Amino acid sequence: MLTLIAIGGWWLLKPAIPAFEELACADIVRGCGNAGIFVQADQAPRVMQPFELRIKVGEAQAVLAKFDMRDMQMGLNQYRFVRQQDGDWLAKVTLPVCMSGQSDWLMNLELDTASGKRFYQLGFTANP
């Protein structure tokens, strides 16, 4: 009985899954986004090769990105962006090798803003 109460309590208090706004992205090097956010890589992403991501966003106190494969979590693969003097946010990212050989990635962005957290999801392909 105590186990059922514990499970019920966890279920009621479990964190809500955030609603991500999807950002269409045909070419992350050219840049992707909408009126509120713009994401751009300095080069075509390659597995195990560092690349730079730049984010332009109107208002933010903090920017985090977590990278996973479609239908597969990739562990603790999270980056905190650093605000630059020009107001952009910058991070150096290295994607891990996926043992299945997949190359379709999801970047889940979390922005802390004065009006609360905002969440975005951007799909892109990395070269092996």
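Tutor: Two strands pair if DSSP finds at least two bridges between them, and strands (E, at least two residues) are DSSP runs numbered from the N terminus, as are helices (H or I, at least four). This is a predicted model, in which local features need pLDDT of at least 70 and side-chain atom pairs count only at pLDDT 80 or more, while totals for chains, interfaces and linings use all residues. Residues are numbered from 1 along each chain as its sequence is written, and side-chain values use heavy atoms, with hydrogens and water left out.

Student: How do you know that strand S4 pairs with strand S8?

Tutor: Five bridges join S4 (residues 51-57) to S8 (residues 89-93), and because pairing needs at least two, these antiparallel strands count as paired. In S8, Leu90 is the bridge partner of Arg54.

Student: What makes Arg54 and Asp88 a salt bridge?

Tutor: A salt bridge needs a side-chain nitrogen of Lys or Arg within 4 Å of a carboxyl oxygen of Asp or Glu, and the closest N and O atoms of Arg54 and Asp88 are 3.2 Å apart, so the pair qualifies. Arg54 lies in strand S4 and Asp88 in the loop between S7 and S8, 34 residues apart.

Student: Why is Asp88 called buried, and why is Arg54 called partly exposed?

Tutor: Buried means under 20% relative accessible area, exposed over 50%, and partly exposed in between (1.4 Å probe, protein chains only). Asp88 has 7% and is therefore buried, whereas Arg54 has 24% and is therefore partly exposed.
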